[in-house]
Amino acid sequence: MEDDTLTVACKYGEVRGYRDGEVYVWKGIPYAAPTGARRFRAPLPPEPWGGVLDGARFGPIAPQSRQSPIGIDPEMTLSEDCLSLNIWAPPPDGRRRPVMVWIHGGAYVLGYSGQKIYDGRNLCESGDVVVVTINYRLGALGFLDLSSFSTPETTFESNVGLRDQIAALEWVRDCIADFGGDPDCVTLFGESSGAGSITTLMTVPKAEGLFHRAIAQSPPATSVYGSDRAATVAQRFLEILDLSPSRAAELLTMSTDTLVEASEVLVAETPTKVPGTLAMTPVVDRDLVPKYPVAAFQKGLSHRIPLIIGSNKDEPSIFRFMKSPLMPVDDTAVQAMLAALADDRTDLPAERLAEIVAAYPDLPKPIGAMALSRDAGFRMPVLWVAEAHSAHSPTWVYRFDHATPMLKAARIGAGHATELPYVFGNFGTLGRDPSFWLGGRKAAGEVSGRVQRRWFAFAHHGVPAALDGSKHWPQYEAEERSTLLIDSTDRVESDPDGEMRRVWGTEVMAFT
C-alpha cells in the first residue's frame, strides 16, 4: 500500500499532505503573513515556518456571518488571519502538471475555499491537474475602501481582497512546482464574485503573468465602482458604527464580530436603497485597479491570455427564491435600478434607457423583471468583455442552460451558481439537496463530464476542445459570435442573444 502521507518542502518550509483517493491533499497552507496586525493593509509574504506544517485541516475562513445562506461547516473557525490555500495533486512522478486555481464566489462577503462543493479531488483525479483553492479577506476587511480616511498616522489601503488573491497567485508562482504543478501553466477560474475578481485581475498590471488562462463563470464584471461611490459607502459604514471620520482609526482595534455585524447591515441596505449595486466590490482606485475593468477590456488593455466566459440562462431565479436583495427581481426594484442609473449616468440619453425597457414587454411581470436584471447584471457584461477580448486573444463564450427536473419545477432552472457541481463533479454537497428528487442524475453526470473535459482541455492546451466527440466549440468572434449552449445535448448557436445584445449596444450600462 502506498504511503498515506506525503511531506513536501517548499520555499517557506515543509508541509505534510494526506492521501485522498488517488491523489494527495494539503490543506491550510499560509500564503501570506497573518493579517490581524495589518488590518485594511496589503498582505505580506509568509514567514518561513519551522518543523513540518500539518496539512490535515482547512485553515480559518474569512470573518462572515455564521447565518450565511451558503451554510458554514460548524467545524470551521473564523479568523482575520485567514490567508491560506489548499492543494490537490497527483502522486509525484517528476512531471509538472497544469494548475487550476479557484476563486470562490459569494458577493465579496461570503464563502470559503473549504466548502464541500469546491473539493478538488475529482478535478485532480479526472483531469491530471493540480488544483488550488484559496481563502481571501471578504466584506469590510477585504472589499471596503476606507482609503479616503487615511491620515499620516493611519493607512487604509484599497482592494485588500484583490491584493490577497494576487499574493496567493505569487505563492503559486513560487511554490507550486514543489507540489508537481507547472507555474507557467496556471488557469485561474472562479464563479460570481470570484469570476468578477478574475475579470478585474485581467486588467490589473500587477497581476499580469501570474496566470496564463482564465475561466470566468457568471462574472458581475461591471460591479466595480469608482472612488467617489466607495467613499460614500465607507462613510455609511462609519455611521452604522456611530463613528465620525476623525475616529476611523478605531476600526483597527474593533472586534471582528462588530465589523461583521456592521457589514451585514451595509450589505443588506445598499441594494435596497440603490437596486443593482453592491456595498463591497473591487474599486477603481487608479492604483491597483487603474480603470473600470470593462472599459479597460474595450480599450484593449486586458492581459493577452485565452478566456472562457459565460453565464447561466436563469441567473436571477435563485435570488428570487432566497428573497435576496442582491439582484432586483421585481418590477419595482428594476424600475428603481433604472432610475438610479439615469441619475448616476447623466451622460446616458433618456432614450437609450427607454429603448432597453421597451425590449422587455413582460417587464411588469416577474419574468420580465428578472430577464432585464439578468441581462444587466450578467449577460451583457459577459458579452461586452468577450467582444473586446476576442479582438486580440482567443475567447470562448458559453451559456449554461441545463437544469434538473426538480430545479425546473421549482422555477429555478439554470439559476446562479447551479453550474458549480457540474464543474467540480461534486453533487449532493448541500445536505438535503433536492436537485434530483424528480430524477435527472444520469443526464447531469453526462453534462458534468462534458463540462469538465472542456475545462481540462483548456487548462492543458488553452483550447476547450474535448476529445470525446463533443460538439465543436468555435471561438467567439465579432462576425459569428458563436456560443456554446450547455444542456442535456450541447449545441452551438451564432449570436443566440442577438436581439437583446443589439438593444443594449456596445456602450456599457453600469453604475460608476
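The model is a predicted one, in which local features need pLDDT of at least 70 and side-chain atom pairs count only at pLDDT 80 or more, while totals for chains, interfaces and linings use all residues. Residues are numbered from 1 along each chain as its sequence is written, and side-chain values use heavy atoms, with hydrogens and water left out.

**Exercise 1. Salt bridges**

Task: State how many salt bridges the count comes to, and describe the salt bridge between Glu269 and Arg236.

Solution. Begin with the general idea: side chains of opposite charge can pair when their charged atoms come close. A salt bridge is defined here as a side-chain nitrogen of Lys or Arg within 4 Å of a carboxyl oxygen of Asp or Glu. By this rule the count is 32 salt bridges.

Next, take the pair itself. Glu269 and Arg236 form a salt bridge with an N to O distance of 2.5 Å. This pair links distant parts of the chain, since Glu269 belongs to helix 6 (residues 256–273) and Arg236 to helix 5 (residues 227–240), 33 residues apart. Helices (H or I, at least four residues) and strands (E, at least two) are DSSP runs, numbered from the N terminus.

Finally, consider accessibility. The term buried means under 20% relative accessible area, exposed means over 50%, and partly exposed lies in between (1.4 Å probe, protein chains only). Glu269, at 16%, is therefore buried, whereas Arg236, at 26%, is partly exposed.

**Exercise 2. Two further pairs and a network**

Task: Determine whether Arg399 is buried or exposed, and describe its salt bridge with Asp497.

Solution. The closest N and O atoms of Arg399 and Asp497 are 3.4 Å apart, and the two residues form a salt bridge. Arg399 is in strand 13 (residues 395–400) and Asp497 is in the loop between strand 15 (491–494) and helix 15 (498–504), so that the pair links distant parts of the chain, 98 residues apart. Arg399 has a relative accessible area of 12% and is buried; Asp497, with 16%, is buried.

For another case, turn to Arg173 and Asp174, whose side chains meet in a salt bridge at 2.9 Å, N to O. Arg173 is partly exposed at 43% relative accessibility, and Asp174 is partly exposed at 32%. A network of salt bridges links Asp93, Arg95, Arg97 and Asp128.

**Exercise 3. Aromatic rings**

Task: Explain why the pair Trp455 and Trp473 is stacked.

Solution. First, a pair of aromatic rings is described by the distance of the centres and the angle of the planes. Rings of Phe, Tyr and Trp (its six-membered ring) pair if their centres lie within 6.5 Å; planes under 30 degrees apart count as stacked, over 60 as edge-to-face and the rest as tilted. The count by this rule is 17 aromatic pairs. For Trp455 and Trp473, the ring centres are 6.4 Å apart and the planes stand at 25°, so the pair is stacked. Trp455 lies in helix 14 (residues 441–461) and Trp473 in the loop between helix 14 and strand 14 (482–486), so the pair ties together parts 18 residues apart in sequence. Both Trp455 and Trp473 are buried.

**Exercise 4. Helix packing**

Task: Describe how helix 3 and helix 4 cross.

Solution. Two packed helices are described by the angle between their axes and the distance between the axes. Axes are lines fitted to C-alpha atoms, for helices over the stretch in contact, and angles run from 0 to 180 degrees between N-to-C directions. The axes of helix 3 (residues 160–175) and helix 4 come within 11 Å and cross at roughly 80°. Angles under 35 degrees count as roughly parallel, over 145 as roughly antiparallel, 65 to 115 as roughly perpendicular and the rest as oblique. Helix 3 and helix 4 are therefore roughly perpendicular to each other. Leu162, Gln165 and Ile166 of helix 3 make the contact (heavy atoms within 4.5 Å) with Ser197, Thr200 and Leu201 of helix 4.

**Exercise 5. The surroundings of Ser192**

Task: Which residues is Ser192 in contact with, leaving aside its neighbours within four places in sequence?

Solution. Ser192 is located in the loop between strand 8 (181–191) and helix 4 (193–201). At 11% relative accessibility, Ser192 is buried. With neighbours within four places in sequence left aside, Ser192 is in contact with Gly105, Gln217, Ser218, Pro219, Pro220 and His416.
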